[in-house]
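My notes follow the structure.

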Amino acid sequence: MTAILKDETFIKFRDFIYEKSGIFIPDTKKYFIENRLGKRLEEKNLNSYDDYLYLLKLSNDKEEMKVLFDKITTNETFFFREVKQLEVFVSCEVPKLIAKKSTPSLKIWCAASSTGEEPYTLAMMLMENPKTSALKFEITASDISDAVLQKAQTASYGQYALRNVPDVYLKKYFKLNGSTNYVLAPAIRSKVKFTQINLLDERRIKAMRDIDAIFCRNVLIYFDKKAKIKVVENLYEALRPGGCLFIGMAESLHDITRLLKPAVMDKTVVYQKV
Ligand SMILES: C[S@@+](CC[C@H](N)C(=O)[O-])C[C@H]1O[C@@H](n2cnc3c(N)ncnc32)[C@H](O)[C@@H]1O
């Protein structure tokens, strides 16, 4: 039997998800909860959404919270997404960051990395560019969803995720595994460390300090203004002075922060911590 999501339960669910993740579900998207969580009720043998909410809230079931995050997040990503920004970072921003440092090494954080395509693309581009190929760098890639992080660590991708990968990269860094899947080379995989971080979890974010560059792309769109302000404050604290932040091409920090100064480079906005 399909459970009915009552309006008052939807509001409670929506508020709970918002409080825990910053993800804001508008009133018009009740179907979002039904589509994403309806099946979970059946899997857990629960009769109602109220029972599921009770399980999440009152039994403090940490494993079920992980399942909830996996279900409610939208994890669309692909290699070489919004590549212009990444080119600006590698060619223009990295040389500037390095010039200001006593040791030529960089700490990069992909703060909503989904299944890994973004941090792996960055690692490949840094290895390939003559200006940065000798550079020491480490990339921390994090996400709220454990399921995507597990997938990222297998570093195995289908053709859809690889659709924008230039041939030269495909040949050099990927190995065909079976008929349709490609596995990424260990030299790139070893540059990226994955860990679970909720962008609203101040305690976890406090462990991220002195970062040279943060990529937090295509996630702010799921938050409301209040959550965006909180997240950007957290990211600001994680950056070292002189460090920079990239958000998605369709996103903006207008009205969100005055701490980070936008600079336009080659039609790309880079937010700098001065
Ligand atoms: C659309 S993907 C973007 C992936 C990649 N940055 C890109 O631009 O291709 C958004 C990711 O943000 C993650 N996310 C959503 N809310 C989050 C939160 N509160 N903390 C950390 N990650 C979150 C989702 O799990 C999802 O994998």
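**Ground rules.** I am working with a predicted model, where local features need pLDDT of at least 70 and side-chain atom pairs count only at pLDDT 80 or more, while totals for chains, interfaces and linings use all residues. I number residues from 1 along each chain as its sequence is written.

**Overall build.** I got 11 helices and 10 strands for the chain, taking helices (H or I, at least four residues) and strands (E, at least two) as DSSP runs numbered from the N terminus. The radius of gyration is 20 Å, close to the 19 Å from the globule rule for 274 residues, so the chain is as compact as a globular protein of that length. That radius is taken over C-alpha atoms, and the rule is 2.2 Å times the number of residues to the power 0.38. Along the principal axes, the C-alpha atoms fill a box of roughly 60 × 50 × 30 Å.

**Contacts.** I looked at contacts (C-beta atoms, placed from the backbone, within 7 Å). Of those between residues at least 6 apart in sequence, 75% join residues at least 24 apart.

**Domains.** The chain splits into domain 1 (7-72) and domain 2 (83-273), with bounds from an automatic or database domain assignment. Their C-alpha centres are 29 Å apart. Seven residues of domain 1 are in contact with 12 of domain 2. On the domain 1 side, helix α4 (residues 62-72) gives the most, three residues.

**Core.** I found 33% of the 274 residues buried, meaning 20 or more other C-beta atoms, placed from the backbone, within 10 Å of a residue's own. The largest nonpolar core has 63 residues; such a core is a set of buried Ala, Val, Leu, Ile, Met, Phe, Trp, Tyr and Cys residues joined through C-beta atoms within 7 Å. Helix α6 (residues 117-128) supplies its largest share, six residues. Cys216 is among the residues with the most contacts inside it. Leaving out residues up to four places away in sequence, Cys216 touches Ala111, Ala112, Leu235, Leu245 and Ile247.

**Ligand shell.** Which residues come nearest to the ligand? Of the 25 around it, they are Thr73, Thr77, Ala112, Ser114 and Asn218; near means a C-beta atom, placed from the backbone, within 6 Å. The shell draws at least three residues from each of domain 1 and domain 2.

How values were computed. Buried ≥ 20, exposed ≤ 12 C-beta atoms within 10 Å, placed from the backbone. Contact = placed C-beta atoms within 7 Å.
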